Structure formats: structure tokens, C-alpha cells
Amino acid sequence: RPCIRFLSTPSFSIQAQLALGASSALATLVDVLRRGGGDPATARPVLECLAVALAQAPGPLPGGAPPPGAINAELFSRMDGSLALVLALLAPDRGLAADFGARYYAARLLTAVAVANPGRATAALLATPAGVGRVMDLVADPHDAVRNEALVLALALARASPHVQQV
């Protein structure tokens, strides 16, 4: 419910993004993905909420404060198995393989983490069986929006790791 209110806020604010990260909502959303992530009707809104919570605000913040999206991305990436879970949801045998929205928001979520913490994102990608292949599947997606987001993700990962550059 807090996520739905968060996404439906007419004027998305930095305070709302900070509040989502400061509460236990990120952990709750990851838990929802663990339990029901194979169902697109469950996974799509959760992935969307996480992608928005981790998105980088355009431009610098007043007072040089770190962007709340970067803080949320760091918190998300530190949650045990969270990145591997999102990569696992993209497996061809999961229900999300054909769902445009779920794939798009998963790509945005992974991109937000890769931009905020490329080292942790790359480590999770390389540690996940078929992780690199799942990102390459996103690059080959027939939908432009998914493919474009996946290219940004691949570039962010490649900058951080010579192993990913070789792929």
C-alpha cells in the first residue's frame, strides 16, 4: 500500500523517495518479490516501485546532499540476494519472461543500482548463474524501451568490470 501511494503521488518528491528508503518498505518489497515474483501481476508493480525509489533525481540537490535514489540503490544492493533475485526473475522459465512491464522495470532497477554502485552490481551479476546472459537477453528484447534501458545497464556494468567488457 505505501508503494501504491508513493507511485500515485501527483508531484513525485525527493521527500517521498527518502521516506520509502528510510522505512522498511524496501525490505518488504524485496520479500514480496521473493514470495510472488513469478507472477507478473505481483512483480510488475513491485519492480516499478523499486525502480522509481532507486531512480536518480536530475541535477544536483541543495546543499550537496546525496541523491535519495543513490541512497536507496545502496540500501537495496546491500540486501542479501536482492540483485540475484531480480536477475533470477528474468529467467526464461519464469512468468516474467514475456511481460514487457516487468522486464522494463527490472532493467531500470538494475540500471539504477549499476549507476549508484557499479562494483556491487557487477559482483552480483557475475555471481548469478546466467546473470550476464539475462542482461544480454534484455539487450535483445523486441521492445525499444527495454532494449535501451538494457544498453545503459550494460554500459554501466562494462565501465566497472573488465570481465563484463570481454563479454
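Trainee: What makes Y104 and Y105 buried or exposed?

Mentor: Both Y104 and Y105 are buried. That label means under 20% relative accessible area, while exposed means over 50% and partly exposed is in between (1.4 Å probe, protein chains only). Keep in mind that this is a predicted model: local features need pLDDT of at least 70, side-chain atom pairs count only at pLDDT 80 or more, and totals for chains, interfaces and linings use all residues. Residues are numbered from 1 along each chain as its sequence is written, and side-chain values use heavy atoms, leaving out hydrogens and water.

Trainee: And why is F100 called partly exposed?

Mentor: F100 has 36% relative accessibility, so it counts as partly exposed.

Trainee: How do you know which kind of aromatic pair F100 and Y104 form?

Mentor: Rings of Phe, Tyr and Trp (its six-membered ring) pair if their centres lie within 6.5 Å; planes under 30 degrees apart count as stacked, over 60 as edge-to-face and the rest as tilted. A search of the whole structure gives 2 aromatic pairs. F100 and Y104 sit 5.9 Å apart centre to centre with 15 degrees between the planes, and that pair is stacked. The two residues are 4 apart in helix α7 (residues 100–116), so about one helical turn separates them.

Trainee: What makes the pair of Y104 and Y105 edge-to-face?

Mentor: Their planes are 65 degrees apart and the centres 5.1 Å, and the pair is edge-to-face. F100, Y104 and Y105 form one aromatic cluster.

Trainee: Why is D141 called buried?

Mentor: D141 has a relative accessible area of 5%, so it is buried. D141 lies in the loop between α9 (131–139) and α10 (144–160).

Trainee: How do you know that the side chains of D141 and R103 make a polar contact?

Mentor: The distance between them is 2.8 Å. A polar contact is a pair of N or O atoms within 3.5 Å; within protein, one must be able to donate a hydrogen and the other to accept it, and residues adjacent in sequence count only if both atoms are side-chain atoms. The D141 and R103 side chains make such a contact.

Trainee: What about the helices, how many does the chain have?

Mentor: The chain has 11 helices and 0 strands. Helices (H or I, at least four residues) and strands (E, at least two) are DSSP runs, numbered from the N terminus. Buried residues make up 44% of the 167 residues in the chain.
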